[in-house]
Amino acid sequence: MKAIVVPGVTDLNKGDQALVWESHRIAMDTQLFEEVSILSLGDTEEEYQLLCAQSEAKGYRIIQNILKHPRRGKHPKGDVIGEGVFYLLFQVFNAVSDLFTRGFLLQICKNKFLTDLFFSKTTAKTIDEFRTTDAIFVKGGGFIHAHGEKTAPYVMWFFLFYIKLGIKLNKKLIFLPNSFGPFEGLTVSTQIKKTLNKMDLVLARENISAQKISDLLGQTISVSPDLGFYLKASDASVGRAVLNRYGFTESDKVVGVTIRPWRFPGKENPESLYEKYIHSVKELILHIDQQGFKVAFFNQSLGPNAHEDDRNAIEYLLSKLDSNDRAKFVWVNENFNCADLKSVYSNLHFFIGTRFHSVIFSMTSIVPSIAIGYGGNKAKGIMSDFHLDDYVIQIEDVTPNDLITRFDKGIAAYASIKSRLTENIILLEQKRVAKNCID
């Protein structure tokens with residue numbers, strides 16, 4: 001039997017990379033499949049190499065995606081928070097084109113003759129892969145949400161495309177643990193309900209999302225842990241060597257930090273909210289330094305576009321510091337794979353993460369962490385499931401005082417947090433061994 005993991009691998013985003021790799025592993029662990037492939041991402045050859053090269057190097061079988069992003073590989077430099085009107089129109093044109101051509105493809109996908117007649121050899125080959133597969137696994141994550149953006153109807157259609165393809169081809173469909181909601185925007189709830197109700201299994205990765213999607217679908221959705229919890233880190237010596245290379249010693253208490261660009265979808269004042277977020281983290285790291293800890297920034301995601309490249313946010317924050325303060329902080333500016341990055345995090349003393357899988361990597365390494373949540377219910381839901389509600393704050397609500405208070409509280413409760421993390425990780429591993437994630 002064969003299986004395919006969708007909607008695609010993104011090696012530049014280490015959280016998504018971990019989810020794809022773990023989705024592949026859990027499919028193989030069922031011992032039902034002789035071959036499990038993962039779908040590529042990237043609209044150009046350059047993007048393909050950036051997004052798939054690390055997975056290829058690990059030996060994963062990759063098949064070509066057939067639904068390009070409306071950007072078509074064109075990523076304006078410097079548009080971190082907003083995008084220009086002409087560039088937006090460019091994306092709208094491509095999106096409308098895809099709705100027609102890929103919508104037509106969904107209608108004829110069962111017919112090999114028509115698919116070969118109307119579409120390129122590359123597209124036809126990928127459709128053949130889907131025709132001959134037995135099951136489609138939707139990777140774990142948190143991409144089924146919308147905040148009422150004008151683009152929400154298309155975005156949801158885009159994310160559900162490969163599920164709809166599987167439905168048309170009568171394949172077994174498994175939606176691995178995800179966060180769900182909110183579902184704001186024209187047609188969003190209808191699209192999700194119509195599509196997910198036709199799947200063979202849908203799992204949520206935390207209780208808030210389970211309730212949201214259960215209410216929408218009219219059925220009880222079970223909770224299974226986020227697959228990122230099960231990522232196996234490289235040996236701890238890999239991470240120690242990295243920190244040593246950047247000047248840290250074994251005795252240093254290093255606090256790791258991840259931040260990201262964020263457009264605050266659905267908010268009327270995204271620019272001012274982003275400024276407040278960056279300022280809050282800046283004040284926090286100055287406080288951490290004053291307390292005698294060392295601070296290191298890490299790239300959890302490096303693109304492919306400016307909005308998904310954490311380096312833009314890190315550069316912007318560091319530009320807010322004078323030269324004396326700037327010299328106090330270290331930027332570990334490298335493109336590690338997810339297993340090596342988790343090894344680095346395992347050597348840290350404490351962690352503050354906006355990219356939530358950076359928090360998951362840290363917590364599963366028994367490193368006390370604070371989560372700055374964005375994009376749905378994932379951070380709030382998972383921290384709540386860990387009984388760490390006091391150590392999460394939403395990105396739009398963050399202030400310097402809120403972050404500093406949480407950090408000081410975390411340091412004061414350091415031993416108890418580590419004990420709580422250890423207990424939870426033992427429970428998570430028991431679930432993994434029992435294969436509760438897929439049963």
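Predicted model: local features only at pLDDT ≥ 70, side-chain atom pairs only at ≥ 80, totals over all residues.
**Notebook: charges and salt bridges**

I started at Lys-198, which sits in the loop between helix 7 (188-196) and strand 7 (201-204). I looked up how open Lys-198 is, and it comes out partly exposed, with a relative accessible area of 49%.

**Stepping back**

Next I wanted the overall picture. I found 17 helices and 14 strands in the protein. The radius of gyration is 21 Å, close to the 22 Å that the globule rule gives for 439 residues, so the protein is as compact as a globular protein of that length. I also noted the box that the C-alpha atoms fill, roughly 70 × 50 × 40 Å along the principal axes. How much of the protein is buried? Buried residues make up 56% of the 439.

**Pairs of opposite charge**

A reminder to myself: side chains of opposite charge can pair when their charged atoms come close. I looked up the salt bridges and the structure holds 21 of them. I went through a few.

Glu-22 and Arg-25 meet through their side chains, at 2.8 Å from N to O. Both are in helix 1 (residues 14-29), 3 residues apart, which is about one turn of the helix. Are they buried or exposed? Glu-22 is at 5% relative accessibility, so I put it down as buried. Arg-25 has 23%, so I wrote partly exposed for that one.

Then Asp-226 with Arg-205: this salt bridge has its closest N and O atoms 2.4 Å apart. Asp-226 is in the loop between strand 8 (222-223) and helix 9 (236-245), and Arg-205 is in the loop between strand 7 and helix 8 (207-217), so the pair ties together parts that are 21 residues apart in sequence. I checked burial here as well. Asp-226 is buried, with a relative accessible area of 0%, and Arg-205 is buried with 3%.

Asp-402 and Arg-406 were next on my list. Their closest N and O atoms are 4.0 Å apart, and they form a salt bridge. I found both in helix 16 (residues 400-412), 4 residues apart, again about one turn of the helix. Asp-402 is partly exposed at 23% relative accessible area, while Arg-406, at 18%, counts as buried.

**Last entry**

Which residues are linked in a network of salt bridges? I wrote down Lys-112, Asp-116, Asp-128 and Arg-131.

How values were computed:
Residues numbered from 1 in each chain as written. Heavy atoms only, no water. Helix = DSSP H or I, 4+ residues; strand = E, 2+ residues; numbered from the N terminus. Buried < 20%, exposed > 50% of the residue type's maximum accessible area, 1.4 Å probe, protein only. Rg over C-alpha atoms; globule rule 2.2 N^0.38 Å.
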